[in-house]
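The sequence and the model come first.

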Amino acid sequence: MLVSSSASRKGLNVPSYLFLLAPAVIFMLLMYAYPFLASIVRSFLDKSGAFSFENYLKTIDLYTKDIAFTFSVTLFNTACTAVLAILLAVYFRIRQNRITKILSAIYKLPLFIPFVVVAQMMNSFLAPHGLLNVALAQLGLIDLKQPLQLFNFAGLSFGFLWKQVPFAVLIMHGGFQMIDNSYIEAARSAGAGMGKVITRVLIPMNKSSILVSLVLVYSQIVGTFTLPYMLIGGKIPTTITVDIAHRVNYFRDFGVANALGVFSYLLVLLTAWYYLKTKLGETK
Amino acid sequence: MKRTVFVLLLALLVAFGGFAGGAKESAKTRLIYMTAGDTNMLALGQNVLGPGFQQKYPNVSVATIHTGPGNAGSQRILEKILAEAEAKKEVWDVDVAMVHEIFMKWAMEKDLLLNYTKELETWKYVTSPFVKTSLGVKIEGYGMPMFHSQTALAYNPDLVKDPPKNYAELKEWVKKNPGKFGYNGIKGGMSGVSFVVGWVYAETGKYKKYAVEGPFEKDEINTWEKVFNELKEFNKYVTITGGNVGTLDALNRGEIWMGPVWVDMFFTFMNEGKMDPKTRLLLPEPGMPGQPMFFVIPKKAGNAEMAKKFVEYVTSPAVQAKEIVQRFNWYPGIDGSYIKDSVPPEVFNKIYKDVTPQDLQKKGLSFPLAQYFDAMLESYEKWIK
């Protein structure tokens, strides 16, 4: 207890449990907070190290469209994930039979597949003469001379949903499982149909895990590099992450890369704030 | 508190010191070879160059470390060496590295490299103009080329009977065959970048000024608006593919009929059965850029002498002929005439069939001076959005 007594000698009354926290806190500050703040600070420095808005002017000049594109991809996919994941999770909650058992084993598969593999998969699956188009052509649904063009918003969204819906289901499903059957039975005996049970009982009671899972999905989509890079890397518009890589790889321009980074922080800021709020609320 | 932290840090240091010391004690010299480039470069180091060199020098073990494709791979090597320099380490970990042209500029600016190539036995075989300057920076003495990478247009001869011979004809061709020409923009890999640079050379006719003689003048950039507006129009008729590999895949699947590729990747694909063997190459007028991959030795490399022997080994006519040309179908780093006799004629004819040595001489251009290069890439983003 030598440590805490030396602290109190200086007149500070620091509870000793703080010292137990110190390694974790120092690690967090050093490995997360410092790089985060440094990237913000450096986005305001020009090449000579002086304060300037140069990086932001260039970012707005060249990449406004990409920022808007990233935002729309993210919003669209988070919304789609919400609908699909809630439907699946509710289905798993309400029906428990052999089909759901098989499904619930299979749906977890994408969780263990890294994005780079997903990207390569989508690359050959969604290509104009890829598996999907060839299959559709075999069925006589499309003409292979005019295949579906999917290396764009649609294909990117397909890839994101394929990967993110299972993740959201996993979190939501846990929440739905916590809801006691008696609530559902009570609602039904009061005359509620299945639709009402879902919208009035299940979803409201599981609100926090639904929102938390969507916040996580949202921020993952903003930060994903490989999938957009491999599907629409050279296209216009593309995502912020591809632009960041481009600035660094071709120009060693960390200033604009950091400014782009700050825009992606802004995109996730709202949701991050909400996430922290709910998380802190839960611990109280 | 302070004392606890201090003791902990000390314990950590001792532990790390122990590990580091342990590694150094082994009797063999461990040659650390870091390579940028695609996975084929890793395979080359691990399966071919390393074992071959170890056979010659049994006391050496070559550890190949792969950093990834494109400039990003070279960038990672730079970060590593730069970090060691800035930490003022006396002996640096990386003994020899394989890098792109842009690395030479970055590393020369920071004075990170050893001046060594003229001491090599094999220097006399090198005739490429690329070893003198790279992106406008004098590099003679610092980089030894292992192979030359060239971009060219690959096309399917069944579908393209009369391929365009220059950029102007290509413009007409895409209008007649919309969507059948594909390239990967400028953010999806260097084959697309190379196509765009070739476009600027063709449209401005100022290759000499932009890539060889200079000087850099800002006013030049302002004259490019038309050049890139034309390219924007051109882009309306083309398919943007998903990367260097994306272009090759799309060609092979028949989605596009023509597109810019790296010749070395093209032949690797063909050797692995991933590309229709009928596919042909052509270098359109006035030419397209290429670049060598260079061996460099960091200034304070621990095993600089052994590293020189390694570079000498790889650039010897025998290894260049057998491994670089015959096995991988790449253009050699040393002058082709020194290897012609040791390579079967069918291999030699295969790689020089469509793009002849004369073509390479005339139309194998270099990338522009760094400032022009940056300006071209940024103009693309500025005008085509």
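The model is predicted. In chain A the secondary structure amounts to 13 helices and zero strands. Along the principal axes, the C-alpha atoms of chain A occupy a box of roughly 75 × 55 × 30 Å. The radius of gyration of chain A is 24 Å, whereas a compact globule of 284 residues would have one near 19 Å. Of the 284 residues in chain A, 32% are buried. Where contacts in chain A join residues at least 6 apart in sequence, 73% of these contacts link residues at least 24 apart.

Chain B is assigned two segments-based units: domain 1 (26-148 + 291-348) and domain 2 (149-290 + 362-383). Their C-alpha centres are 27 Å apart. Domain 1 of chain B puts 16 residues into the contact between them, and domain 2 of chain B puts in 16 residues. On the domain 1 side, helix 4 (101-109), strand 6 (144-155) and strand 11 (288-296) of chain B each give two or more residues. Strand 11 of chain B has the largest share of that side, with three residues.

| Side | Nonpolar | Polar | Charged |
|---|---|---|---|
| Domain 1 of chain B, touching domain 2 of chain B | eight residues | six residues | two residues |

In soluble globular proteins, nonpolar side chains tend to be buried together. The largest nonpolar core here has 108 residues, and the members that touch the most others are B:Val96, B:Val99, B:Ala152, B:Ala154, B:Val196, B:Phe266 and B:Val296. Helix 6 (residues 190-204) of chain B contributes the most to this core, nine residues. The core lies between domain 1 and domain 2 of chain B, because both give residues to it. Leaving aside residues up to four places away in sequence, B:Val196 touches B:Ile186, B:Met376 and B:Tyr380. Another core, of 51 residues, lies apart from the largest one and includes A:Phe69, A:Ala89, A:Val118 and A:Phe263.

The contact of the chains draws 26 residues from chain B and 22 residues from chain A. Helix 3 (70-86) and helix 16 (370-383) of chain B each provide at least two residues of the chain B side.

How values were computed: Residues numbered from 1 in each chain as written. Chains lettered and ligands numbered in written order. Predicted model: local features only at pLDDT ≥ 70, side-chain atom pairs only at ≥ 80, totals over all residues. Core = buried A, V, L, I, M, F, W, Y, C linked by C-beta atoms within 7 Å. Buried ≥ 20, exposed ≤ 12 C-beta atoms within 10 Å, placed from the backbone. Helix = DSSP H or I, 4+ residues; strand = E, 2+ residues; numbered from the N terminus. Domains from an automatic or database assignment. Contact = placed C-beta atoms within 7 Å. Rg over C-alpha atoms; globule rule 2.2 N^0.38 Å. Nonpolar A, V, L, I, M, F, W, Y, C, P; charged D, E, K, R; others polar.
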